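These are my notebook entries on a structure that I looked up piece by piece. I wrote down each point as I came to it.

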Amino acid sequence: MTELADILAMRSATYYWIGVFVVSLVVFVTAARNPNPRCRRCKELNRPMAMYCAQCGHKLRG
Ligand SMILES: [Zn+2]
């Protein structure tokens, strides 16, 4: 026989893992959509929409 406390504990654990999953998914999707391009020449980490490196001017895409 299951106690009410056990049901609540299982439920909160389920919500905890759903929360972990959702946060992981949001972080992953955000990173996938806006990857900060790292310059292949000088290793500078540039802004997501940058076309050229802010440090050395090396082309980041294409
Ligand atoms: Zn660079």
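Predicted model: local features only at pLDDT ≥ 70, side-chain atom pairs only at ≥ 80, totals over all residues.

Next I looked up the zinc ion, whose protein donors are the SG atoms of Cys39, Cys42, Cys53 and Cys56, lying 2.3 Å from the ion. The angles among the four donor atoms run from 106 to 116°, and the site is tetrahedral. For comparison I noted that the ideal angle for four tetrahedral donors is 109.5 degrees. Along the sequence, the donor residues of the zinc ion follow the spacing C-x2-C-x10-C-x2-C. Cys39 and Cys56, both in the segment after H1, are 17 residues apart, and this pair links distant parts of the chain. I then checked Cys56, which counts as partly exposed because its relative accessibility is 30%.

I also looked up Met49, which lies in the segment after helix H1, a helix that covers 4-33. Met49 has 68% relative accessibility and therefore counts as exposed. The C-alpha atom of Met49 is separated by 8.7 Å from that of Pro35, although these residues are 14 residues apart along the chain.

Last, I turned to the aromatic rings, and a search of the whole structure finds one aromatic pair. Tyr16 and Trp17 form this pair, which is edge-to-face, with 5.1 Å centre to centre and 80° between the planes. Tyr16 counts as exposed because its relative accessibility is 52%, and Trp17 counts as exposed at 55%.

Key. Residues numbered from 1 in each chain as written. Heavy atoms only, no water. Helix = DSSP H or I, 4+ residues; strand = E, 2+ residues; numbered from the N terminus. Buried < 20%, exposed > 50% of the residue type's maximum accessible area, 1.4 Å probe, protein only. Donors = N, O, S within 2.8 Å, 3.2 Å for Na, K, Ca; no water. Tetrahedral: all angles 85-135°; square planar, octahedral: opposite > 155°, others 65-115°. Phe/Tyr/Trp six-rings, centres within 6.5 Å; stacked < 30°, edge-to-face > 60°.
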